[in-house]
Amino acid sequence: MATDPPSSIESAPDTRAGRLPHVQRRTFHLALGGIAAWAAYLVYQWKGGDILHLYQGLAMFGLAALPSLLWARRGDGAFPLMEVFMLTAVNTYAMPLLVGHEGVLIYPDEVITAAANLVLVYQVSALATFYLTRAQAKRSRFWTDEIISESLGKFLPYGLGVTTIYTLVSTFWHDEVFAHLPAESEGIFRAAFFGLGIICVFILSRRWGLGQMTSGERTFLVVNLVLQFFIESTSLLLIAGISTIVLALLGYVSGSRRLPVAALLVSVSVIAILHNGKSEMRERYWDENAKAITITDVPALYQEWFTFGLQRTDDTKLNKAAKLIDRTSLLQIICLVVDRTPSKQPFLDGETYANIPSQFVPRFFWPNKPLAHQSTYRLSIYYGLQTEEDTATTTIGFGMLSEAYANFGFFGAAALGFVFGFAFRKVTIWTRDSPMLSYGGLLLVLLMAWSFQTELTLSIWLSSLFQACVAVLGAPAILRSVLN
């Protein structure tokens, strides 16, 4: 198999004579040692049960981590799109099985075995397709011309600051601002600023990793990341803030090829504490009689939240790490679907995929087009998790793998792995000569941001990605035209 050449945005490390640069070699050995130690600990703390589940969990863990290890070892400057996508299987599938997630253990051993085999089929299909697919780098202007020049690139910190201001305004003054605007404008603003934020956070973090930022620029980036995280989390939903932090960490690692250990420790600690106190906070602030949180309430809100997160020591509760796994786990949903289908309920035969084409038609031309969440609602009702009335207020994360099995069984899982392995390989090779600030480079950033949206069904995943592409890829072209 041929090795992809490095991206044009940076030169590849010198690997002549089989020698890796010192920093890269140290990162690879650190990652390898960390994964081995983690796996050893998981074996040590295994609480019994069917030993086959231990082997299956370790196999899932290994297949999820393997692409990242190969990327760190290879050191060819390739963008780690597939590597990040596969790594999400650690939290969503492998860890819930290895630590004995309570939502998984309620099912019979044969159901858990079948669910784990489904994940393995999906992983093997995705990896085999990815490494066997061939393509050629694209060299047309669309792929190789920078749409954000070096002069325009200096505006990225301003874009990040504007995104922070939008996050602040939409959180605390939403009704006052959007009440005076057309109803459809809110979605447009959200897509535009969300896309702008993704690009600014990732590229600036990557530049930090490449050593291309001053100390003042680094401070500005950190301050804005912290502000965005805590503003977004005032809703008591952590997923949006966590996604921003993860994107920044991925940007830094993709540029430096080093793990920011200190930043990781601080981020994980803060998130774990907030996650630990989240239930009590929701009981207090999600009550229908609770007053809305204003910007002046934020200091007291977080003081109370950290107090709950640090003081909770009830041994009958899940520990902090287990709570984080519980939030991201999708294995219990797979067990539910495998348990019910097809023995109790027939396969859906593609029903939840039927409204995907309609999602690419702008609502301006089709005001009554089906909602992207329609597939999630159908699955939730079909498997008895919600009534039709419940879907108006709550959305359950099913994930694309559960959806694939619900429609086509094991064949659906293999097909899903094939689609992502094929698509990500093609895009990775097509963009291997694309500067990071070209259309191709920005597309890679968007795909990486969407690679850890694991709880979405395929319809929502594709439609939200399409909206972000329109906003992110269109905005630089408009900006360049305006500024000439």
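Q: Where does P342 lie in this predicted model?
A: P342 is in the loop between α18 (331-340) and α19 (374-382).

Q: What makes the peptide bond from T341 to P342 cis?
A: Its omega is near 0°. Most peptide bonds are trans.

Q: Why is D349 called exposed?
A: The label needs a relative accessible area over 50%. D349 has 57%, so D349 counts as exposed.

Q: Why is L264 called partly exposed?
A: Buried means under 20% and exposed means over 50%, with partly exposed in between. L264 has a relative accessible area of 30%, so L264 is partly exposed. L264 lies in helix α14.

Q: Which residues form the nonpolar patch on the surface?
A: The patch is formed by L30, L259, V261, L264 and L265. Together they have about 430 Å² of accessible area. Helix α14 (residues 261-276) gives the largest share of the patch, 3 residues.

Q: Why is S233 called buried?
A: Buried means under 20% relative accessible area. S233 has 0%, so S233 is buried. S233 sits in the loop between α12 (215-232) and α13 (239-256).

Q: What does S233 contact, leaving aside neighbours within four places in sequence?
A: S233 is in contact with L238, Y302 and W305. A contact here means heavy atoms within 4.5 Å.

Q: How do you know that A404 is buried?
A: The cut-off is under 20%. A404 has a relative accessible area of 1%, so A404 is buried. A404 lies in helix α20 (residues 400-430).

Q: What does A404 touch, not counting residues up to four places away in sequence?
A: A404 touches Y353, G409, G412, A413 and L416. A404 and L416 are 12 residues apart in sequence. Their C-alpha atoms are 6.9 Å apart in space.

Q: How many cavities of 30 Å³ or more does the structure hold, and what makes such a space a cavity?
A: The structure holds 3. A space is called a cavity because a 1.4 Å probe fits there but cannot get out.

Q: What is the volume of the largest cavity, and which residues are closest to its centre?
A: About 170 Å³ of space lies in the largest cavity. Of the 17 residues that line the largest cavity, F85, T88, Y93, Y122 and T454 are the closest to its centre.

Q: Which helices each supply at least two residues of that lining?
A: They are α3 (81-87), α4 (89-98), α20 and α21 (439-451). The largest share of the lining, 4 residues, comes from α20. A404 also lies in helix α20.

Q: How many helices and strands does the chain have?
A: The chain has 22 helices and 0 strands.

Q: What share of the chain is buried?
A: Buried residues make up 50% of the 484 residues.

Q: What share of the contacts with a separation of 6 or more links residues 24 or more positions apart?
A: Such residues account for 78% of those contacts in the chain.

Conventions: Residues are numbered from 1 along each chain as its sequence is written. This is a predicted model: local features need pLDDT of at least 70, side-chain atom pairs count only at pLDDT 80 or more; totals for chains, interfaces and linings use all residues. Side-chain values use heavy atoms; hydrogens and water are left out. Buried means under 20% relative accessible area, exposed over 50%, partly exposed in between (1.4 Å probe, protein chains only). Patches are made of residues with over 30% relative accessible area and no salt bridge: like charges are joined within 9 Å, nonpolar side chains (Val, Leu, Ile, Met, Phe, Trp, Tyr) within 5 Å. Accessible areas come from the Shrake-Rupley method with a 1.4 Å probe; for residues, only the protein chains shown count as cover. A salt bridge is a side-chain nitrogen of Lys or Arg within 4 Å of a carboxyl oxygen of Asp or Glu. On a 1 Å grid over the protein atoms alone, a cavity is a set of points where a 1.4 Å probe fits but cannot get out, and a pocket is an open set with protein on both sides within 12 Å along at least five of seven lines; lining residues have an atom within 4 Å of a point. Grid points are joined across faces, edges and corners, and a volume is the space filled by probe spheres set on the points.
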